[in-house]
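Biologist: Please take a close look at one packing contact in this model for me. Then carry on to whatever else deserves a look.

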Amino acid sequence: MSEDIEGSSLPEDLSRIDLRLDSDVGLMEPSQDTRGESGKALYKRYMEHGDIEDLERCVAIWREEVQSARNDDAETAYALHNLALTLQARFEHYGQPNDLEEAIASCQCVLKLTPDDDVDMSSTLNNLGNALRTRFQSSGSSVDLQDAIMHLTRATELTPEGSPDMPMMLNSLGIALWTRSKSSGSSVDLQDAIVHYTRAIELTPEGSPAMATQLNNLGSALQARYESSGSSVDLQDAIMRYTRAIELTPKGNPDMASRLNNLGNALWTQYKSLGSSVDLQGAIMHFTHAIELTPEGSPYMPMWLNNLGNALQSLYGSSGSSVDLQDAIVHFTHAIELTLEGSPDMPMWLNNLGSALWTRSQFSGSSVDLQDAIVHFTHAIELTPEGSSYMPMWLHNLGSALQTRYQSSGSSVDLQDAILHFTHAIELTPESSPTMASQLNSLGNALCTQYKSSGSSARYESSGSSVDLQDAIVHYTHAIELIPESHPWRVCYFYHLGTLYFLSMESGYKEADNAIQAMQAFAGAMEQASGDPYWSVQAGLKYIELLSMTPSISTPPPLTKLDAHRQILNLIPRVIWLGYDLQKQYKKLASLKMPVSHAVSDAITAGEYQQALEWLECSRAIVWAQVLQLRTPLDDLAQHHPQLASRLQAISAALQKDASESSSNISTSSKGHFYARRKDTYDFALEYNCIIEEIRSLEGFKNFLQPKRALQLMAACTSSPVIIINVHRSRCDALVLIHNEDIIHIPLPLFSYDHAGKLHTQLWSFVRRRPKARNDMHDSDRNDLTERFLTTATGGDTQLDEEVEMRAILHDLWAQIVRPIIDALKYKGLFKSGPDGDLPHITWCPTGPLVFLPLHAAGIYPPHGISETIMDIAVSSYTPTLDVLLQPQARRDNDGNHTNYPKLLVVHQPNVPGYAPIPHTIDEAEEIHKAFRSHANIVDEPNGTVEAVLEGMRTHDWVHLACHGMQDIENRLNSAFALSDGKLTLSRLMSEHILSAELAVLSACQTAMGDDELPEEAIHLAARMLNIGYRSVIGTMWSIYDESAPIVMKPFYHTMAKQVAKGGELQPAYALHEATRVLRKKVGEKNFMQWVPYIHLGL
């Protein structure tokens, strides 16, 4: 990987505060110099408020003073002196080179006019030195810098001890020495600068406006020393000095931008060391603010843009958002455009742009980006003088880009050049440098790549081990020794070291020894408290793979297999941290590709059924579980610790508000506000975690908001059996929960993970190619209901193919999963009818590919044998998690009956703009009204707006949505119902919490269609309705036909009306079972695609 590129902090001239405008040159009395006094007042006001008009008038006044004093050397020197200083201030505002050149010429003229023994000679030398040092920053001329240091050293020598000007002189000399140390890498210059800055602070009285400048400059030098020594004390001291400098800086002061930049840079540097997202967000906020305060054309603008670009590139590394990386590239490019050729800053800007382009090429695959990166890195090296402290960094990054090009081109020259550059970078890097570990890591990675590519031609020692592989192990080991224990990259180094030992083991060299070394490295990665937990999880998965490969190893492993699984699962909350928005949480979870089913299968193999149950539950709907955790009632906590409860409630509310907001649509004009808000979210998340830890340390609250234990989860089966099916490559099993019974384990040896995947692929291949009748079919395109399933598609009888395939799928689900489970329960005498002789009720909780398959319709259907189906012997429901079944009961009286008729909201949207008409939604509404009369509140177009529907949901017990529904594969949170004025999206629903909710009927397409990447997350509309409070939901596994819906809903609602009138427990699952039977009879059993998709979820 390319190394993070150093940002830039900027010291300030103290002379711009005093500027000798207040010095008594003894030429004329203030009362006689009204224009001069006016100039001084304007300049002072400019320094306090930053109004450029004041500065412009000040320049004009001193020009007039120069003209009027032509015949008097002393008056001319006095006027030129002040003109030079105001021109330099204007240069710093606009960046016009002419202003700086005129300022230098004026200072040189003053020097000629001033006698050697004049008391103001030190001030004159100081101002000329500052101006020359400023020109060096644009021109890169070493002559300018050397002359500047010479004049500033002489100015300090001429200033008597005790003079109030001494702090200013020391500060100016310190800046010049600090500048030279940056260019030459001289630690002596840097140490001298720190000495001068420290002495200047000691000599500056409290309350002096110069104090902020002194603190800022000392901070810059301390940060520079940290970057060479790695001493965290220096960096922390720098942050403290910057922060105090900003506190002392009045609003409107033109130096505020520089000080914000410096604090931002120090925080970003600390982020690179410690990995704290709060530091990174703070840096971005300060950089953005600095740019907002800086006028276009300022010579400092390139630096501010570069630094913001660095921080955004770091943010991309943790967020994965291409928007952050694109913004970084824009800022780097703009910085280069604003920088003059020959500027000593140009190599850094080129390097940083190259780094961002290299990073973009990693995910885009763009060879153009990669080639441009190589060009920029090469140019940066060409422009950098030998001995520069930046040379190792430039070499390292060029090596990274060449290695990347090798991976696409296969050119061994590129890889060998990369290794040469990495080696050279290490030779130039001091052992104590904070970057040494990164350099070693990159060289080790390149050597490993060379080993993999060399095959039989690899270099081998006499012992049989690969030289490249062993050298790579040595470099990674050294990198781990050098890097601080809290460094965020340490986890990556441990992971890579483990993979190297893994490779060495596979080569057959000292297999047992290398296996143990690999396990220890992977275990080390799992134990890292800082850094990206993604790598800890990947190390854990590798560790478990290694244990499976070496079951007979003699040395005891650091962790047992179950302990490793437990540690991995405990890391998941760190991967999908609350400080991320929901979209990023899902993306992070998907990137893990972590089969929780593996952990469950290992627990089942060990006979640990309760552990298996707990792991199954804690690994399902993980993202939403965190959102629900924020809504947990705090009654018990409030009773014992009211202040803690109040704090937690406030933080939880703030996190809920931000949970579903995305950064993808933030406009450029609102970026500053956005970065500040995102930092607030990160701060809230950190504080939330701290409060939770504090609460768990209290007596009686050890398990506060901890995942539920097995005995708690088993309460989910009080009304009917819950059957959880785990599917893994090693084995398939069912865990059955029945009231007052231990967990029942039923092996499923006839089924396999691969077969589940095959059935899923078969089903969804024709689900996705069939017409989506309630999505995009016009009524004029539809034939008679039964006829449309008998039509023959061009090129073959598609309907017949679907029928044959569906029969086969349902047969396999019956023979290999459902029937073995039912037979086992019957054998144990645990498959029983309902209390009134009704069919037994079963709740299915499948995992993996089974999530997408219709277990509720499994069976043998004629003509391929005697009819034998689950629908004939049981009523089925589904649940995404057990926790859904543990929610509080609906409104009941003391006898368990409903207290009154439910209030029913019926929303039908037959003609939403932009969507095909679905006229049969009107028929649905009419059937519901017949069943519930005045208790049904019908909302039609155009009254069915997003806000109106949400408000109706909050005030009604039941809701029926008859409209278009869609699953958004690209953006999970954009899955939605189409209403009259827009989409009611999944993300919008997630912000709701409806206390009176009982039943939601989603008569729309794809409302219970899962996500292929995250099947256990249940990212669909039906599951979210459960999560926001509804106890029961009717959904659809795929698209439904408009004509089908009224046929289903008529018997469903008439059955529900009878249940309500009868009183007692409502049974929507039984009502849907009856309604599906009616539809099945109407369209014909063989038309599976029409009657199978309707399912019940929840209680």
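## A helix pair, and onwards

Modeller: The crossing of H19 and H20 is left-handed (the near helix is turned anticlockwise from the far one by less than a right angle; clockwise would be right-handed). Bear in mind that this is a predicted model, with local features needing pLDDT of at least 70 and side-chain atom pairs pLDDT 80 or more, while totals for chains, interfaces and linings use all residues. Numbering runs from 1 along each chain as its sequence is written, and side-chain values use heavy atoms, with hydrogens and water left out.

H19 spans residues 412-428 and H20 residues 436-454 (helices are DSSP runs of H or I with at least four residues, strands are E runs of at least two, and both are numbered from the N terminus). Their axes lie 9 Å apart at an angle of about 155 degrees (lines fitted to C-alpha atoms, for helices over the stretch in contact, with angles from 0 to 180 degrees between N-to-C directions). That angle makes H19 roughly antiparallel to H20 (over 145 degrees; under 35 is roughly parallel, 65 to 115 roughly perpendicular and the rest oblique). From H19, the contact (heavy atoms within 4.5 Å) takes in Leu415, Gln416, Ile419, Phe422, Thr423, Ala425 and Ile426. H20 answers with a list including Met436, Leu440, Leu443, Leu447 and Ser453. Sorted by class, the contact has ten nonpolar, seven polar and no charged residues (Ala, Val, Leu, Ile, Met, Phe, Trp, Tyr, Cys and Pro are nonpolar, Asp, Glu, Lys and Arg charged, and the others, Gly among them, polar).

Now set that beside another pair. H37 (residues 920-932) and H41 (residues 1044-1062) have axes that come within 9 Å and cross at roughly 15 degrees. That makes H37 roughly parallel to H41, and the crossing is right-handed. Among the contact residues are His920, Asp923, Glu924 and Glu927 of H37, and Met1049, Lys1050 and Tyr1053 of H41. This contact does hold charge: ten nonpolar, two polar and four charged residues.

The largest cavity holds about 210 Å³ (points are joined across faces, edges and corners, and the volume is the space filled by probe spheres set on them). Its lining has 18 residues, with Val851, Tyr878, Ala1008, His1020 and Leu1097 nearest the centre. By class that lining is 13 nonpolar, three polar and two charged.

The second largest cavity holds about 120 Å³ and is lined by 13 residues, with His856, Ser876, Leu1072, His1073 and Tyr1094 nearest its centre. Strand E7 (875-878), helix H42 (1068-1083) and strand E16 (1094-1098) each give two or more lining residues, and H42 supplies the largest share, four.

Two backbone details remain. Most residues other than glycine have a negative phi, and most peptide bonds are trans. Glu941 and Pro942 are joined by a cis peptide bond, with omega about 0 degrees, and Pro942 sits in the loop between strand E9 (936-939) and helix H38 (946-955). Asn740, not a glycine, has a positive phi of about 65 degrees, in the loop between strand E2 (732-737) and strand E3 (744-747).

Terms used. 1 Å grid on protein atoms, 1.4 Å probe; cavity = no way out; pocket = protein on both sides within 12 Å on 5 of 7 lines; lining within 4 Å.
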